[in-house]
Amino acid sequence: MKKPLLLALTLMSFLGNAQKKKASTTSSSETDKQTIISNIDKRFDEYAGISKQIWNFAELGYMEEKSSLLLQEQLKKEGFTVQAGIAGIPTAFVASFGEGKPVIGILGEYDALPGLAQQAVPEISPIPNQKGGHGCGHNLFGTASVAAAVEVKNWLIKSGQKGTIKIYGCPAEEGGSGKVYMVREGLFNDVDVVLHWHPGAQNSADAGTSLANKNAKFRFKGIASHAAASPERGRSALDGVEAMDMMVNMMREHIPQDTRIHYVITKGGEAPNVVPAYAEVYYYARHKDREILQGVWKRIENAAQGAALGTGTKVEWEVLGGVFNLLPNITLANVMHNNLAKVGGVVYNEEEKKFAISLSETLGEQKQPIENAALVKDFRDGSESATSGGSTDVGDVSWTVPTVGLQTATWVPGSSAHSWQSTAASGMGIGQKGMIVAAKTLACTALDLFKDQTLIDKAKAEWTQKRGANFKYEALLGDRKPALDYRK
C-alpha cells in the first residue's frame, strides 16, 4: 500500500509544481507586457512626432529618402545594426538587434500615394504643390513597427532572453512590390516568424488572405500627323489605348466575377489637333488565386496586341509589380488577436471626437458610430474565405516565412483607405493613437513568440502544410530589377 500512496503523492507534487511554474511564467509574461505597454505610452509624443514628419514628407514609392533615413536614425540611436540600400533599393533597410534564435521580423512601410495631398482637417482641403499624401497611413505603419522593435529590444536586454529582433524597412508597397525584391534577395531566409500591421478603420487580427496582383504599363507607339489636314497619314497611339480598354472592359463579363481589373490612362497626347504618336495606360489585375490571375493577365496582354494590330500601332509593356496573396496562419493570428484584445482599441478625447463626428458626415452610407474605434472585432478564422479586397507585397513574405498581421483604427470608422479622409486622420491624434495600439500589440506578440518555442513550431507546421510540400517561390514580376522610377 505504501508504494501506490508514495507514487500518488509524488505525482501530485509534480503536477502542483508544474502548475505553479506555469502560473509563474504567465505572471511574468503579463508583467513584461504591462511594462512594454507602459513604456510605449510614455513615448507617445516622440513616436507621434516621427509619424507626423513622415506624413509631411509624403514621399512616393522608391523616393522615400527622408522617411527611410529618419527611421534608420531612430533605430541606430537605440543600438540596432542597420544595413541600408539592400536588394538594389536605396530606401530599403534591415535593422537587427540580439543574437541567435528565434529570429522575429517586423515589417515597416513608409511610402505615400500620388494625388492624395490633404490637410489634417475633417473636410476636403488639398495641400498645394504636394504630389502625394499618406492615404494608406504608411507614415504610421513604419513608426509603430520601429516603436515595437525598440521595446522588444529593451525586453531582450532586461530579460537576458536569447534571440534576434529584426525590422525591415520596406519601400514602395503601393504598386512597387518592394518586399518582393527583398524576398528574392533571401533577406527572410533566417527568420522564424514575421509580424506586420496596417492602418485601418477598425481593430482586428483575423486569419484572412488578400488578392494576388499583377500590374504593368502598356505603351503604344503610333505616327503623328495633323489631325485635320492629313489624318490618314497618322496612326493614333491613343486609339490603341482606347481599343485595348474597350476589349478589356468587354472581357469582364467572361472572367471569374471576383477578379478585379482597373486602369488609368497616364499619357494620351498633347493637343487635339495632333494625332498622338505615344500613349500609355497603367493596368492592375487582381485575384485571390494566382493561377487564375495569370490566365486573366495573359488575356489582357492579348487585348493589347489585338488593339495595336487593329489600330496600326505598336505596343510593348513593362511589368512593374506583382504580389502573392497572403498565406494566413491561424496559430499566429490567435496569438495576435489575444494581444490586441488585451491592448484594446482607440478611445478619442473631446477634440478627436469633434474631428471624427465632422469627418463622419462626409462618409455617406459608409458612416459608422465613432465609438466603434474603441472595439476589437471578434476573431475570424475563415482563412481563405476572409479575403481582403486589396493586395500587398506582404503576401510574398508570407509564402517565405510564417507571417501574421493586424489592423487598427487609425481612421474614423467607416473611412476607406486611399481617400482624403484616411489621409487627414493619418496626420493627427486619431491615427497616432491607432498606431500606438499596433505598436503595443506587435511587441507583446513578439514577446510571446520569444518565450514559447512551441508556438513557433506549431505555426511552422501549419505554414508548411498550407504551402504544400512541392511549393517553389517564383515572383510574379519575374527577374526584373526594382522599378525605381515607376512613380516618376
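Helices (H or I, at least four residues) and strands (E, at least two) are taken as DSSP runs and numbered from the N terminus. In the predicted model, P102 is placed in the loop between β2 and β3, and the peptide bond that joins K101 to P102 is cis, with omega near -5°. The model is a prediction in which local features require pLDDT of at least 70 and side-chain atom pairs count only at pLDDT 80 or more, whereas totals for chains, interfaces and linings use all residues. Residues are numbered from 1 along each chain as its sequence is written, and side-chain values use heavy atoms, with hydrogens and water left out.

On the scale of relative accessible area (buried under 20%, exposed over 50%, partly exposed in between; 1.4 Å probe, protein chains only), N129 is exposed at 86%, while A172 is buried at 0%.

Helix α3 (residues 65–77) packs with helix α4 (residues 138–159) at an angle of about 10°, the axes being 11 Å apart. Axes are lines fitted to C-alpha atoms, for helices over the stretch in contact, and angles run from 0 to 180 degrees between N-to-C directions. The two helices, α3 and α4, are therefore roughly parallel to each other, a term applied to angles under 35 degrees. Under a contact criterion of heavy atoms within 4.5 Å, L71, Q74 and L75 of α3 meet G142, T143 and V146 of α4. The contact of α3 with α4 comprises 3 nonpolar, 3 polar and no charged residues; in this scheme Ala, Val, Leu, Ile, Met, Phe, Trp, Tyr, Cys and Pro are nonpolar, Asp, Glu, Lys and Arg are charged, and the others, Gly among them, are polar.

The structure holds 15 aromatic pairs, a pair being rings of Phe, Tyr and Trp (its six-membered ring) with centres within 6.5 Å. The ring centres of F93 and Y110 are 6.2 Å apart and their planes lie at 5°, so this pair is stacked (planes under 30 degrees apart). F93 belongs to strand β2 (residues 93–99) and Y110 to the loop between β3 (103–109) and β4 (113–114), so the pair ties together parts 17 residues apart in sequence. Both F93 and Y110 are buried. One aromatic cluster is formed by F218, Y263, Y283, W297 and W317.

Methods. Parallel < 35°, antiparallel > 145°, perpendicular 65-115°, else oblique. Phe/Tyr/Trp six-rings, centres within 6.5 Å; stacked < 30°, edge-to-face > 60°.
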